[in-house]
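The exercises below are to be worked with the sequence and the model at hand. Each one sets a task and then gives a solution in steps.

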Amino acid sequence: MPTFRTSPGMRDVLAPDSARFRHFTTVFADVVEAAGYGQVIPPLLEDVGVFARIGDATDVVAKEMYDFVDKGERHVALRPEQTASVCRAFVQHRPAVPWKAWYSGPNFRYEKPQRGRYRQFDQVGIEVLGVDDPYLDAEVITLGWEFFDRLGLRGVTLVLNSLGEPADRGRYVEALRQHFEAHADELSDVSRETLARNPLRVLDSKRAQDAPAIAAAPRIGEFWSVAAAAHFATVQRALDAAGVPYTLDPLLVRGLDYYRRTTFEFQAASLESAQNAVGGGGRYDGLVEDLGGPPTPGIGFALGVDRTLIACDDEGAFPPPPVAVDAFVVDTAGGADAHAITTELRRAGLRVDRAFEGRSMKSQMKSADRSGARLAVIVGTDEATAGTAVVRPLRSDAAQTTVARAELLSTVQEALS
Ligand code: HAM
């Protein structure tokens, strides 16, 4: 056993999976930058107050925050998500609206680790501030949908709901409280405790014992104002017109308290139901104001990178990109030639590797083969003396050639083209 291992819920991502993480972000950036979103890179650490706005009654804030007092006596926290940070940045820098931002990077939540649930996990996401238009809701949701399509992940369902205006939501929460209090003895202990903090969260319970009381609970649609219902109807019509399929789920309330009106989740069929959300989002029109800014509508989503990659593995979608080098330099003449040649070829933009420690020809050729290189460039004592090198194709039957060092680069480039 090594002395140190990663902490629970934390993971090392090694190659080639790390290349897949990077490629994931590249594909996401392509999709959203083509729609006018610019990257924002918020810090990992913020004043804890920024995240308090996610909701005192949420697990994310009440139980899972990595917060501490720093050496300057500031109460800070590692971000559990990035929406609050993006809104804090908006208030601080006041960019022109609509502000269309995208981000990627790690977040921290002290959760119970399991497959698809980690204490450090990566997200990519978008946020748009300053626009109160149901067609923006449709744009944001559609971009998420199109991204999964670009990845090649097929078993994704888009689930939609509206939590109504804040007043609708308030009346709904009160009705839920009364309903669940009347059925308190049927609820699980955990849900009874949740009820005391936030009746809406009881709807998230996947426990069989809670199912009958949840099934009989009032539905949010009965509480929508005329305006909230009209907004939601337009979102659905826009998705219909763009051919984005969805299902409506009145029980989709999401785990964060800032949501109002449109909420949605992308769920992967291959994952267990407690961890099947590969992404989620919604409107949070009051959050900027809560953080000290002017009243500003906002909407966005975040997608879980780790969890989406698990869903891709389950489906055989989005394989790691190939990481092979172009050429491998084998040097049995001491090693200095390999240094000069790798440097020359790399300066010309080629992907080149070599072996070290003066290993035998046989062992270096083995490494060349393992590297996936298409060519070996070989320098033995004879070649070193003559100022030549051998270019040997590794993946075809083509003959090897011996070339003067001055012609090596052009020969290698030609052989690779
Ligand atoms: P969230 O639903 O908490 O929303 O997280 C979004 C996604 O991040 C989840 O659907 C899941 O894929 C992934 N995720 C969350 N927690 C974990 C975890 N412990 N381990 C692995 N993956 C995880 C938000 O974070 C909001 N900020 C989304 C948003 C943006 N709403 C509006 N704008």
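**Exercise 1.** Locate Glu-357 in this predicted model, and decide whether Glu-357 is buried or exposed.

Solution. Start with the position: Glu-357 is found in the loop that runs between strand E13 (352-354) and helix H14 (361-370). Next take the backbone: phi of Glu-357 is positive, about 70 degrees, although this residue is not a glycine. Last, take the accessibility. Exposed means over 50% relative accessible area; Glu-357 has 75% and is therefore exposed.

**Exercise 2.** Carry out the steps of the previous exercise for Glu-73: what are its place, its phi and its exposure?

Solution. Glu-73 belongs to the loop between strand E3 (67-69) and strand E4 (75-78). Its phi is about 65 degrees, a positive value in a residue that is not a glycine. With a relative accessible area of 67%, Glu-73 is exposed.

**Exercise 3.** Classify the packing of helix H1 (residues 17-33) against helix H12 (residues 305-315).

Solution. Two packed helices are described by the angle between their axes and the distance between the axes. For H1 and H12 the angle is about 105 degrees and the axes are 11 Å apart. Angles of 65 to 115 degrees count as roughly perpendicular, and H1 and H12 are therefore roughly perpendicular to each other. Now list the contact: from H1 come Arg-20, Phe-21 and Phe-24, which meet Val-305, Asp-306, Thr-308, Leu-309, Cys-312 and Asp-313 of H12. Sorted by class, the residues of this contact are 5 nonpolar, 1 polar and 3 charged.

**Exercise 4.** Do likewise for helix H13 (residues 336-347) and helix H16 (residues 405-416).

Solution. Here the axes are 11 Å apart and the angle is about 45 degrees. H13 and H16 are therefore oblique to each other. Their crossing is right-handed. On the H13 side the contact holds Asp-337, Ala-340, Ile-341, Glu-344 and Leu-345, and these meet Arg-405, Leu-408 and Leu-409 in H16. The division by class is 5 nonpolar, no polar and 3 charged.

**Exercise 5.** Find which residues of helix H7 (residues 189-197) are buried and which helices they pack against.

Solution. Ser-191, Thr-194 and Leu-195 are the buried residues of H7. Because they cover an arc of only 105 degrees around the axis, they are on the same side of H7. Asp-189 and Ala-196, on the other side of H7, are exposed. The packing partners of the buried residues are helix H6 (166-182) and helix H8 (199-202).

How values were computed:
Residues are numbered from 1 along each chain as its sequence is written. This is a predicted model: local features need pLDDT of at least 70, side-chain atom pairs count only at pLDDT 80 or more; totals for chains, interfaces and linings use all residues. Side-chain values use heavy atoms; hydrogens and water are left out. Axes are lines fitted to C-alpha atoms, for helices over the stretch in contact, and angles run from 0 to 180 degrees between N-to-C directions. Helices (H or I, at least four residues) and strands (E, at least two) are DSSP runs, numbered from the N terminus. Angles under 35 degrees count as roughly parallel, over 145 as roughly antiparallel, 65 to 115 as roughly perpendicular and the rest as oblique. A crossing is left-handed if the near helix is turned anticlockwise from the far one by less than a right angle, and right-handed if clockwise. Contact means heavy atoms within 4.5 Å. Ala, Val, Leu, Ile, Met, Phe, Trp, Tyr, Cys and Pro count as nonpolar, Asp, Glu, Lys and Arg as charged, and the others, Gly among them, as polar. Buried means under 20% relative accessible area, exposed over 50%, partly exposed in between (1.4 Å probe, protein chains only). The arc is that of the directions from the helix axis to the C-beta atoms.
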